[in-house]
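Hello,

Here is the structure you asked about.

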Amino acid sequence: MTEYEHILVKRDGDTVTITMNRAARRNSLSADHLAELLAAFREAGTSDATGIVLAGAGPVFSAGHDFGDVAARGLMGVRELLTLCTDLMKTMQSVPQVVIARVHGLATAAGCQLVASCDLAVAAESAGFALPGGKGGWFCHTPAVPVARSIGRKRLMELALTGDVVDAATALDWGLVNRVVPDDQLDDAVAELLARATRGSRASKAMGKVTLYAQLDRPEADAYAIALEVMAAASQLPGAREGMAAFLEKRKPSWPD
């Protein structure tokens, strides 16, 4: 694995863990930090790993954009920074692996955006989530995009307009995370959910993930048109053939991919 300045990347079996490692800056997302995260996800995405864990070192998950970086930029520079951040979010959803957020402490602004952009998220009871721009001077426009698609309109409005932190239990109730566990059980809970989410044919799951994102938020007729064609094509994959044969023959499948 490539060595980085702002992040740590570790491969353990079929899982790649990408850890934001700017604890002194609360894992704030400077351009260099974002670029390293993007590179790490792209590298992991081309590997034979089945899952990617996104974590943060230190007391918080991520405090969002690094204002020191933002304040030094003009309009074009900020646009470039936000484009880089958006590319990262899109890449997390386009890689074939299951991406799961391991959230402890605060996940605010673009840090909350990271959580919402992951396929799955497990939070410690100590976690908190916020789009604080609503009570500041720079509204959380781009972080609100994936958050809106996770929690719905009225809850988004409360989170974005008040800027207040919601606790992990509220985030679970709102649909921003999948699980909330005691802090000392966070790693086990992440591993357990990831293990269940990475079972089966790798090729089938990779196609499934891409298709889920492609049809989300589309009108129902369009969503069915997309899903129908992909599902028909997927029926010819070796994994699909093996899965059906194993079911018919009443045996455990032996996945070819």
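Glu125, Asp183, Asp184 and Asp188 gather in a patch of negative charge on the surface. Patches are made of residues with over 30% relative accessible area and no salt bridge; like charges are joined within 9 Å, and nonpolar side chains (Val, Leu, Ile, Met, Phe, Trp, Tyr) within 5 Å. A salt bridge is a side-chain nitrogen of Lys or Arg within 4 Å of a carboxyl oxygen of Asp or Glu. Asp183 lies in the loop between strand E9 (179-181) and helix H8 (186-197); helices (H or I, at least four residues) and strands (E, at least two) are DSSP runs, numbered from the N terminus. Asp183 is partly exposed, at 42% relative accessible area (buried is under 20%, exposed over 50%, partly exposed in between; 1.4 Å probe, protein chains only).

This is a predicted model: local features need pLDDT of at least 70, side-chain atom pairs count only at pLDDT 80 or more, and totals for chains, interfaces and linings use all residues. Residues are numbered from 1 along each chain as its sequence is written, and side-chain values use heavy atoms, with hydrogens and water left out.

A nonpolar surface patch consists of Phe139, Met157 and Leu161, with about 270 Å² of accessible area together (Shrake-Rupley method, 1.4 Å probe). Leu161 sits in helix H6 (residues 153-162).

There are 0 disulfides (pairs of cysteine sulfur atoms within 2.5 Å) in the structure. The closest cysteine sulfur to that of Cys112 is in Cys140, 8.5 Å away, so the two are too far apart for a bond. Cys112 is buried, at 0% relative accessibility, and Cys140 is buried at 7%.

Regards

Methods: Lys, Arg positive; Asp, Glu negative; His and termini not counted. Charge placed at Lys NZ, Arg CZ, Asp CG, Glu CD.
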